[in-house]
Amino acid sequence: MKKWLNPRSAFGISLIAIALIALPFVAAMGGQAWVRIVNFAILYVFLALGLNIVVGFAGLLDLGYIAFYAVGAYAYALLASPHFGLHLPFWVILPIGALLACVFGVLLGSPTLKLRGDYLAIVTLGFGEIVRIFMNNLNAPVNITNGPQGITLIDPVAFGDFKFSGTTQIFGFALSGPQKYYYLLVVLSILVIIINLRLQNSRIGRAWQAIREDEIAAKAVGINTRNVKLLAFAMGASFGGVAGGVFAAMQGFVSPESFSLIESVMILAMVVLGGMGHIPGVILGAVLLSVLPEVLRYGVGPLQMAVFGKMLVDPESLRMLVFGLALVLVMRFKPAGLWPSPERKRELTGEA
Amino acid sequence: MAEVLLQANQVAKHFGGVKALRDVSLSINKGEVYGLIGPNGAGKTTFFNCMTGLYVPDGGGFTFDGAPLIADAPHQAAERGIARTFQNIRLFGNMTALENVMVGRHVRTRAGVLGAMFQNAATRAEEAAIRQRATDLLHYVRIEDRADDLAKNLSYGDQRRLEIARALATEPKLLCLDEPAAGMNATETEELRDLIEGIRADGTTILLIEHDVKLVMGLCDRVAVLDYGALVIEDVPAVVQKDQRVIEAYLGA
Amino acid sequence: MDIFLQQIINGLVQGSIYALVALGYTMVYGIMGLINFAHGEVVMIGTLVTITVAGTMIKAGMPVVLAGFAGLSASVLVCMALGWGLERIAYRPLRNAPRLTPLITAIGMSIVLQNLAMMIWGRNYMTFPPLLPKMDFEVAGANFTAVQLIIVLVSSLTMGGLLLLVYRTKLGMAMRATSQNPAVASLMGVNINRVIAAAFVIGSALGALAGVMVGTYYEIAHYQMGFMLGLKAFTAAVLGGIGNLAGAMLGGVLLGIIEALGAGYIGDLTGGFLGSHYQDIFAFIVLIIVLMFKPSGLFGEKTGDRA
């Protein structure tokens, strides 16, 4: 079982580890904004791997994933901000957020998971919208969410006196807030990668794959398909909740705007474009789709100014256009994603 | 008197106006190989699907091993000890042969998400046992050398065997085979017959739906004949073979 | 009591529009089992094309009737071409792909169309030119306008025409045969490609008509308006039993009325806690309830898995 620890793998892992440790310092050379971009890329890796359990492993098309992220974020925001005057520590809230998202997942999933896949897509999409509508409007007559203005001054993550906001001196290094969050995110992402890997090669993981392959045969061998799907759905939701909590703490601010449908589609696209069910593919998808838009944002405007001397196309809409086209083209020419697992590729393209 | 394992009580099922099953009652005894035959469209597979919970009967029901079977819950049928194969083989095509059988162990094992996440000793032991048992079963149906091949790349005969191994992995009391010999040549049928004999000898009761009358008559202890959704006769092969109604049903009136 | 009647009338008007859009979803779904997410965007483009054409003509001093007619024709033609192109370019190559593939393509196309529309028409709200005279009627204490009356009339007539087409013509028979069993239909000499293309083109034409109605009714349009409209129309199609034409029509009207009554009474029902800006949640709640208790819809046939 320890075969991955051969010298070559050990060398590879050390290289990756060094790169991961050094990355925030390299990014900081371009300014803290780039550290934040890297942080968001990792947050998306976390989210995409959470959704991968639902979409990639269990084959359930969830278009409302962002709603669970929103639940986690708002749970954190309400329990650690001046809005209600509550300031619970983050290690208390994070599990609460995860549990709450999980409960929402079960509530939504239990009636709908017996349905055909595309119905599930629509129902989850509708759920995402319901959550957003409530966040937008639950500011009157009792102010719970503070409506479209959102909630501000959210507490940063803190372990005792060690706060993740502001700059700290550690071993002679000055670590900025975003850099500290970076390491927290990396640790969380490594955890979710390990969980993904372990689930994939487990009794439950096999049951998910069996359902994806042939649901009737899966039932016939005694798999309670509804419960097993619900498990995937609830797990995905919990990861969404955790990510939401970290997001709220890191930003210090949440508003309904961050949880629109397009975010759900974006995370789904990361999973699908990268390679459903294939962990390295999903990571690639998340990094590509979260960093490329930033590059477009900083690249397209100046480029147009340089070439045409004026702004012809709004970079934001061009970014979305490229994104939509990418979805269509990848589905057409690489339906198994950019970096599919060998087995999924066969499944989707029919190659032996 | 032999002990009854499965009792069907006036099972009825219709699709729109078509009566696929008309109050079929029959009983399968522990330890026997029970054959269910009949012309195409006689309702054999419908009967199977009602019994294994894929269809909900419109009337009547089943008693299995002393307690009623709950309709509309295929996974519970497997849990109670009814395993099946499908007429048009339904394997998990993109999983390996070994993984297919490992999935069959699902219903007899317990590890959940937490076990998978923390990889505690119990989970690891169970996983090893699942793998071992699956390997043994592949051996039992003699396709152990195909263990790491994808199920869909197996030959037709091997796929049939794999499906039986997967069904056996659920530790069934009753193994239901839906036309296992369909599409097999004489040698393969002979090997299948040996396999079924072996499974029976190991103490599993078998329900066999089959077109190959010779195979059924040679293998089964008792045979039931369905025609137009109704039970024509249930008796030992020697009697069934000579029954005028059966001959008519097969030759057509 | 007049609130009740008033909301029924409002719901009927809104529901007629949902019904027209729902038909586009249900026809495509019935024939090829695809939720065409981009259909809402087709409707949106229908509205915006009308604004451009009719608006320009009115500004140029042409008669409103002529401008309206030209705007409607242009929008129907553009949408038909768009529907045809969508099917031909995006969906047809994926016809034998696993279910998720065309669904994701549809989401992608929806994003593409929305952002193309934003590039062409900008991100601001646009005013829809008044194409119909402003007249009010009053019946039993409830008010309705000429626009509302015409929307209900035109959509009823159009839907009647569609039913005739599907149940009385050769193309309609081919469509019904294909939705039953594409393989057999094609063996019987039905040109599947043409039938599917026809479903897209007809659905898009109805969508364009709905788009013009939405514009006339609300007098305002926006590049993002198609999304919510499409989602609700899809809900209407599911409510009526997806794949079922009459079901989509009834589902649309029913959803419109449920929404209108819900918005009218939610304040009273919740003691003022929730207000009418929760209108949009009714469609989803209806959707979830229908799928929970009667996934085949109110008028759909039961479809089960086969062993």
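## Where chains A and C meet

In this predicted model, 33 residues of chain A are in contact with 37 residues of chain C, two residues being in contact if their C-beta atoms, placed from the backbone, lie within 7 Å. Helices α4 (90-112), α5 (117-137), α10 (261-275) and α12 (315-333) of chain A each supply at least two residues of the side that touches chain C, and α5(A) gives the most, with 12 residues. Helices (H or I, at least four residues) and strands (E, at least two) are DSSP runs, numbered from the N terminus.

By class, the side of chain A that touches chain C has 24 nonpolar, six polar and three charged residues. Here Ala, Val, Leu, Ile, Met, Phe, Trp, Tyr, Cys and Pro count as nonpolar, Asp, Glu, Lys and Arg as charged, and the others, Gly among them, as polar.

## A sheet in chain B

Six strands of chain B form an open sheet of mixed pairing, in the order β6-β7-β8-β3-β9-β10, where two strands pair if DSSP finds at least two bridges between them. The edge strands, β6 (82-84) and β10 (230-235) of chain B, each pair on one side only.

Within this sheet, β7 (residues 174-178) and β8 (residues 205-209) of chain B pair in the parallel sense over five bridges, and D178(B) stands opposite I209(B) in β8(B).

## Numbering and limits

Residues are numbered from 1 along each chain as its sequence is written, while chains are lettered from A and ligands numbered from 1 in the order in which they are written. Local features need pLDDT of at least 70 and side-chain atom pairs count only at pLDDT 80 or more, whereas totals for chains, interfaces and linings use all residues.
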